[in-house]
Amino acid sequence: MTAKKKKTGKIFVLDTNVLLHDHKCLYNFEENDIVLPIVVLEELDKFKKGNDQINFQAREFVREMDRLSGEKLFTDGISLGKGHGRLFIETGKPLPPEMQSSFSENTPDHRILAITLYVKDHNPDRQTILITKDINLRMKAKSLGLVAEDYESDKVKNIEILHRGVETFTGFNKKIIEALYKEGQVPRSDFPMKDEQLPANQYMILKNTSQSVLAWFDPSTESIRRVEKHSAFGIDPRNAEQAFSFHALLNPEVTLVSLTGKAGTGKTLLALAAALQQHNQYKQIMLARPIMPLANRDLGFLPGDINEKIGPYMQPLFDNLGVIKNRLPQQSKELTVIEELQKQQQLIITPLAYIRGRSLSDVFFIIDEAQNLTPHEVKTIITRAGEGTKMVFTGDIHQIDSPYLDMQSNGLAYLTDKMKGQNIFAHVNLIKGERSYLAELASDLL
């Protein structure tokens, strides 16, 4: 990377995983210049074919590069537009001696490091930063004296909302709690904590020395309303968090819900039970989850037809359906409803990749294990929603299987952070495990 005139600003060298995470990443570095190592384009070529989100990102980035292409990409760079820097492609460079002594293998990661060192050495007056979502590569870069950072444009800065439980307000006036039980609601203006910021659909427990009440802030009426406990298809809420979850899931005014919490808190079970309870209001109930292939091997590696391949990944969803079935009497109306819904293809359990390109109208859509989705994947899913559709995202941000996502950059955290305060959105973080004492103990201690 050379220049005829002196340039200012930083130089960012991008790793392949950044492009596969966000195909529009080139426009998130302000007026700084961007360098794409040629090896990144080689790696990108391997991901163009396929139906997963990562393949879509690869194809979209290649199309963007085709639009930007020009001879100057390899010399003076090309402008990315007003308010942005220039884009360069840097061809392969030999591994310098300091790398050969530590990293002898000629891998794509090491070639990216060699190019980053070359760019740094040839631009001593500017800071060169390697951007990668690969923690190991960042460590290798730092061992060579390079500055390496994660791609943070879609990272959630404050994830406190995903850690804390239900808000509890103590010392409340007895008359307000009694009014909530008698009238069912009190105006926001009568709420003693007028300066307290209450996002839309905020759930809370109000207490005094002798009484307590479950409540929520209704944005449509600007009032604090009592939450009544409801059961659905044989599933009863066992704690306040589950009661709040059911309330959000059964509220027709809330069309987007995120439920977070550790394993065993009942997130998916509550969502499925609520969906079945409302089966007459939707044309279809869909349950989906992202498939995370074992040992990074593609599904094609597994034996059998497509149903046999995806079966193990979908089994947790079938398990939750089994729990509901087992709670119902053999001759019950609810059990007949479930069997009929499955027979008529109105209750479907499917891999998430299968919804690409679809428009989902009048669907109750549950997306399980959403912590393994990128922010862009979550956006893609939500933009599939047609009229009358409700979407529920569930997951545990402490159990992320994707190597390039963390608690701050996963799609579930991003969704909850960005949608907080919207009238159609509700979030509940479930703390208490209800699967069994053994499961709760293991989750806390192991």
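Modeller: Gladly, and please keep in mind that this is a predicted model. We can begin with helix 8 and helix 9, which are oblique to each other, since their axes cross at roughly 40 degrees.

Biologist: Within what distance do the axes of those two helices come?
Modeller: The axes of helix 8, residues 240-250, and helix 9, residues 267-277, come within 9 Å, and the crossing of helix 8 and helix 9 is right-handed.

Biologist: Which residues make the contact?
Modeller: On helix 8 the contact is made by Gln 242, Ser 245, Phe 246, Leu 249 and Leu 250, while helix 9 contributes Leu 270, Ala 271, Ala 273, Ala 274 and Gln 277.

Biologist: And how many of them are nonpolar, polar or charged?
Modeller: Seven of the residues in the contact of helix 8 with helix 9 are nonpolar and three are polar, with no charged residue.

Biologist: Changing topic, is helix 12 enclosed or open, and why?
Modeller: Helix 12, residues 375-382, is largely enclosed by the rest of the structure, because six of its eight residues are buried. Those buried residues are Pro 375, His 376, Glu 377, Val 378, Thr 380 and Ile 381.

Biologist: What do they pack against?
Modeller: The buried residues of helix 12 pack against helix 1, helix 3, strand 15, strand 16 and helix 13.

Methods
Residues are numbered from 1 along each chain as its sequence is written. This is a predicted model: local features need pLDDT of at least 70, side-chain atom pairs count only at pLDDT 80 or more; totals for chains, interfaces and linings use all residues. Side-chain values use heavy atoms; hydrogens and water are left out. Axes are lines fitted to C-alpha atoms, for helices over the stretch in contact, and angles run from 0 to 180 degrees between N-to-C directions. Helices (H or I, at least four residues) and strands (E, at least two) are DSSP runs, numbered from the N terminus. Angles under 35 degrees count as roughly parallel, over 145 as roughly antiparallel, 65 to 115 as roughly perpendicular and the rest as oblique. A crossing is left-handed if the near helix is turned anticlockwise from the far one by less than a right angle, and right-handed if clockwise. Contact means heavy atoms within 4.5 Å. Ala, Val, Leu, Ile, Met, Phe, Trp, Tyr, Cys and Pro count as nonpolar, Asp, Glu, Lys and Arg as charged, and the others, Gly among them, as polar. Buried means under 20% relative accessible area, exposed over 50%, partly exposed in between (1.4 Å probe, protein chains only).
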